[in-house]
Amino acid sequence: MEELYDQYRALLFTLAYQFTGSATDAEDAVQDVFLKAYDIHLERLEEPKAYLCKMVTNRCLDLQKSARKRREVYIGPWLPEPIRTPKADTLQTVLRHDMLSYAILVLLERLTPTERAVFILREALGFNYPEIADLLDKRETNCRKLMSRARSKVGISEEERVTAKTADLKWVSRFITSLEQGNVNHVMSLLSEDVTLVSDGGGKTIAFKRPIQTRDYVSRILASAFDSIKPYYHELHFEVAPLNGETGIILRSVDEIVAAIFLQLHRGKLAKIYIVRNPDKLTRV
């Protein structure tokens, strides 16, 4: 069992994390599954990987029921918990090549739990439809319909690849330099006309209670934010960090992390800015 745990824990954590958007829930799901599987003698099974993925998927489907109730009373927008994804494989990290982008994870909140399961199993982990049907105890045709419906809900056509253009290291470094220099005009020039800024404070710190949209409004918000933090600018520090398999930004105040930031590009401009400020979601960062 220990060998199977070492072999599949990262894969199962990746599956559970993308399903729940919570590293804590993902770790709990993986631990619960291995505790239940302890007496099953998985090493004797022909496909232990499929069996474990099925168990984790079912556990996450159960978790989604309570999670949706919690999010109904959540203060402001809910964003997935950021996690560091260094190259080293530890229990807290995930397999980079099995990770959907952070922007796609945000869009998955539009899906039903079953649609989300099909989407992740197919697009993140690469299972084929017969395998997905077996994992979810559904017909293959039904899984294909669920996938088509999921793509439609997140705005990705059948012909498109499931991906989101994220900012690379050079782009993020340039963005950070502008922020550190207080160059508001340059930051504004990086925004697309229909840019959206989403911040998650969970009612525990200052954050916007609804998404801010369009370049005009986002520009005003950022300009106002620059002005308000000028007296404390010497205490703030932006740094590049490997978050969720992409290049993210961490904002520190002295030794405290106050925000994790993700940037999504469209045609070379900033299309989405996600800012996680809820301190409960920054413990993995």
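Leu 263 sits in strand β5, which spans residues 256-266. The model shown here is predicted. Leu 263 has a relative accessibility of 3%, so it counts as buried; the cut-off for buried is under 20%. What does Leu 263 touch, once residues up to four places away in sequence are set aside? Its contacts are Thr 166, Ala 167, Trp 171, Val 172, Phe 175, Ile 249, Leu 270, Lys 272 and Ile 273. Along the sequence, Leu 263 and Ile 275 are 12 residues apart. In space, their C-alpha atoms are 9.0 Å apart.

Now move to strand β1, residues 191-200, where Ser 192 lies. Ser 192 has a relative accessible area of 9%, and therefore it is buried. Its side chain joins that of Asp 194 through a polar contact of 3.2 Å. Ser 192 also has contacts beyond its neighbours within four places in sequence: Arg 215, Lys 269, Leu 270 and Ala 271.

Most residues other than glycine have a negative phi. Asp 137 is not a glycine, yet its phi is positive, at about 55°. Asp 137 belongs to the loop between α6 (129-136) and α7 (140-154). Asn 244 also has a positive phi, near 50°, and is a residue other than glycine. Asn 244 is placed in the loop between β3 (236-243) and β4 (246-253).

Asn 244 counts as buried, because its relative accessibility is 2%.

Helix α1 covers residues 2-20, and helix α2 covers residues 23-36. Their axes come within 8 Å and cross at roughly 135°. That angle is why α1 is oblique to α2. The crossing of α1 past α2 is right-handed. On the α1 side, the contact is made by Leu 4, Tyr 5, Leu 12, Phe 13, Ala 16, Tyr 17 and Thr 20. On the α2 side, it is made by Ala 23, Asp 25, Ala 26, Glu 27, Ala 29, Val 30, Gln 31 and Phe 34. Sorted by class, this contact has 11 nonpolar, two polar and two charged residues.

Helix α1 packs with helix α3 too. Helix α3 runs over residues 48-72. The axes of α1 and α3 are 9 Å apart, and the packing angle is about 30°. Angles under 35 degrees count as roughly parallel, so α1 is roughly parallel to α3. Here α1 passes α3 in a right-handed crossing. From α1, the residues making the contact are Leu 4, Tyr 8, Leu 11, Leu 12, Leu 15, Ala 16, Phe 19 and Thr 20. From α3, they are Pro 48, Lys 49, Leu 52, Cys 53, Val 56, Thr 57, Cys 60, Leu 61, Leu 63, Gln 64 and Arg 71. By class, the contact of α1 with α3 has 14 nonpolar, three polar and two charged residues.

How values were computed:
Residues are numbered from 1 along each chain as its sequence is written. This is a predicted model: local features need pLDDT of at least 70, side-chain atom pairs count only at pLDDT 80 or more; totals for chains, interfaces and linings use all residues. Side-chain values use heavy atoms; hydrogens and water are left out. Axes are lines fitted to C-alpha atoms, for helices over the stretch in contact, and angles run from 0 to 180 degrees between N-to-C directions. Helices (H or I, at least four residues) and strands (E, at least two) are DSSP runs, numbered from the N terminus. Angles under 35 degrees count as roughly parallel, over 145 as roughly antiparallel, 65 to 115 as roughly perpendicular and the rest as oblique. A crossing is left-handed if the near helix is turned anticlockwise from the far one by less than a right angle, and right-handed if clockwise. Contact means heavy atoms within 4.5 Å. Ala, Val, Leu, Ile, Met, Phe, Trp, Tyr, Cys and Pro count as nonpolar, Asp, Glu, Lys and Arg as charged, and the others, Gly among them, as polar. Buried means under 20% relative accessible area, exposed over 50%, partly exposed in between (1.4 Å probe, protein chains only). A polar contact is a pair of N or O atoms within 3.5 Å; within protein, one must be able to donate a hydrogen and the other to accept it, and residues adjacent in sequence count only if both atoms are side-chain atoms.
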